[in-house]
Amino acid sequence: MKRPQLVWLATPFVLFLGVLPLVNRVEPLAFGRVPFLLVWCVGATLVTPLAVWLAWRGDHR
């Protein structure tokens, strides 16, 4: 692969579409009241800008 840092761009795809069928559960509850799927989506949303920034930083050089 000529630009391996671009693999970071696959991270959001894997988090949202690849793993989503595995975490699509109401139980267990996170923090006692929040469905796990909601916590997973919020976490993936927070990780996405980090992954894009890492890809940009690696490709920018």
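The model is predicted; local features require pLDDT of at least 70 and side-chain atom pairs count only at pLDDT 80 or more, while totals for chains, interfaces and linings use all residues. Residues are numbered from 1 along each chain as its sequence is written, and side-chain values use heavy atoms, with hydrogens and water left out. The protein chain contains 3 helices and 2 strands, where helices (H or I, at least four residues) and strands (E, at least two) are DSSP runs numbered from the N terminus.

**Overall form**

- In sequence order, the elements of the protein chain follow the pattern α-α-β-β-α.
- The C-alpha trace of the protein chain spans about 45 × 20 × 10 Å along its principal axes.
- The radius of gyration of the protein chain is 14 Å, whereas a compact globule of 61 residues would have a value near 10 Å; the radius is taken over C-alpha atoms, and the globule rule is 2.2 Å times the number of residues to the power 0.38.

**Surface and contacts**

- Of the 61 residues, 13% count as buried, a class defined as under 20% relative accessible area, with exposed meaning over 50% and partly exposed in between (1.4 Å probe, protein chains only).
- The protein chain exposes about 4800 Å², of which carbon and sulfur atoms supply 72%; accessible areas come from the Shrake-Rupley method with a 1.4 Å probe, and for residues only the protein chains shown count as cover.
- Among contacts in the protein chain with a separation of 6 or more, 55% involve residues 24 or more positions apart, contact meaning heavy atoms within 4.5 Å.

**Helix H3 and its buried residues**

- Helix H3 has 25 residues and reaches 36 Å from its first C-alpha to its last, close to the 36 Å expected at 1.5 Å a residue; the expected span is 1.5 Å times one less than the number of residues.
- Ala44, Ala51 and Ala55 are buried in H3, and the buried residues of this helix pack against H1.
- Ala51 has a relative accessible area of 2% and is therefore buried.
- Beyond its neighbours within four places in sequence, Ala51 is in contact with Trp8, Thr11 and Pro12.

- Rings of Phe, Tyr and Trp (its six-membered ring) pair if their centres lie within 6.5 Å; planes under 30 degrees apart count as stacked, over 60 as edge-to-face and the rest as tilted.
- By this rule there is 1 aromatic pair.
- The ring centres of Phe36 and Trp40 are 6.2 Å apart and their planes stand at 45 degrees, so the pair is tilted.
- Both Phe36 and Trp40 lie in helix H3 (residues 36–60), 4 residues apart, about one turn of the helix.
- Phe36 counts as partly exposed at 29% relative accessibility, and Trp40 counts as partly exposed at 23%.
- Phe36 touches Val23, Arg25, Val26 and Pro28, when residues up to four places away in sequence are not counted.

- Gln5 is placed in the segment before helix H1 (10–18) and counts as buried at 19% relative accessibility.
- Gln5 touches Ala55, Gly58 and Asp59, leaving out residues up to four places away in sequence.
- A polar atom of the Gln5 side chain lies 3.5 Å from the backbone oxygen of Gly58.

Technical notes
Polar contact = N/O pair within 3.5 Å; in protein donor to acceptor, adjacent residues only side chain to side chain.
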